[in-house]
Amino acid sequence: MKKTILTNALLATLLLSTSHSTLASDSIFQVAIVKGAIGTTDLAQGKVESGIKKLTASEKSQDFYANKMNLCVAYLQSDFTHSNKSESACTEAISSLESVKRQSNKVRYLTALNYSNRGVARYRKNQLDAALTDFELAVKIDNNEITVSNLRKIKQLLPLEQVESATELSD
């Protein structure tokens with residue numbers, strides 16, 4: 001029953017991608033949130049704390065995946081009070097998607113966006129190899145405009161030898 005609800009929610013989900021200036025240095029990355037889900041309006045209007053309150057209050061919601069994806073981005077946008085929680089929220093969103101048995105194009109697309117979001121979270125935590133690995137995996141799952149752009153941008157920011165060694169490890 002829960003899997004059916006999750007699958008139906010995923011199939012009906014539309015995404016809004018936007019650049020958020022979380023820090024001056026990582027505002028070049030794009031993140032994705034679920035349009036129409038809890039907290040989306042607040043996040044789009046820059047009311048991050050309000051969005052976080054709504055998202056954390058509704059964690060038992062049937063739309064677990066959308067809450068975690070939006071919470072990941074909300075934590076990325078927040079001050080450093082919540083920023084350490086973003087990677088965990090992204091990972092929970094990824095896990096909920098990977099548990100879906102029918103891996104449609106839409107599910108792969110959403111999974112890739114979540115890996116990309118987590119890459120931004122890891123970049124902010126200065127986990128550069130892990131961020132690069134997430135961006136590469138995102139492109140491997142679905143090479144959409146956001147994932148490709150974020151991978152290209154991190155490769156421009158990292159020293160060449162770090163990009164080459166991380167790529168060798170992920171192969």
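Helices (H or I, at least four residues) and strands (E, at least two) are DSSP runs, numbered from the N terminus. What you have here is a predicted model, where local features need pLDDT of at least 70, side-chain atom pairs count only at pLDDT 80 or more, and totals for chains, interfaces and linings use all residues. Residues are numbered from 1 along each chain as its sequence is written, and side-chain values use heavy atoms, with hydrogens and water left out.

**Exercise 1. Work out how many helices and strands the protein has, and in what order they come.**

Step 1: Count the elements, and you get 9 helices and 2 strands.

Step 2: Now walk along the sequence, and the pattern reads α-β-β-α-α-α-α-α-α-α-α.

Step 3: Check burial. Buried means under 20% relative accessible area, exposed over 50%, and partly exposed in between (1.4 Å probe, protein chains only). Of the 171 residues in the protein, 50% are buried.

Step 4: Look at contacts, meaning heavy atoms within 4.5 Å. Take those between residues at least 6 apart in sequence: 60% of them join residues at least 24 apart.

**Exercise 2. Find the disulfide and say which parts it ties together.**

Step 1: A disulfide is a pair of cysteine sulfur atoms within 2.5 Å. Searching the whole structure turns up 1 disulfide.

Step 2: Its partners are Cys72 and Cys90, with an S to S distance of 1.7 Å.

Step 3: Cys72 sits in helix H4 (residues 64-77) and Cys90 in helix H5 (residues 86-98), so the pair links parts that are 18 residues apart in sequence.

Step 4: Buried or exposed? Cys72 is buried, with a relative accessible area of 0%, and Cys90 is buried, with a relative accessible area of 0%.

**Exercise 3. Describe how H4 and H5 pack.**

Step 1: Two packed helices are described by the angle between their axes and the distance between the axes. Axes are lines fitted to C-alpha atoms, for helices over the stretch in contact, and angles run from 0 to 180 degrees between N-to-C directions.

Step 2: The axes of H4 and H5 come within 8 Å and cross at roughly 155 degrees. Angles under 35 degrees count as roughly parallel, over 145 as roughly antiparallel, 65 to 115 as roughly perpendicular and the rest as oblique. H4 and H5 are therefore roughly antiparallel.

Step 3: The crossing is left-handed, meaning the near helix is turned anticlockwise from the far one by less than a right angle (clockwise would be right-handed).

Step 4: Among the residues making the contact are Phe64, Met69 and Cys72 of H4 and Ala89, Cys90 and Leu97 of H5. By class, the contact has 11 nonpolar, 2 polar and 2 charged residues. Here Ala, Val, Leu, Ile, Met, Phe, Trp, Tyr, Cys and Pro count as nonpolar, Asp, Glu, Lys and Arg as charged, and the others, Gly among them, as polar.
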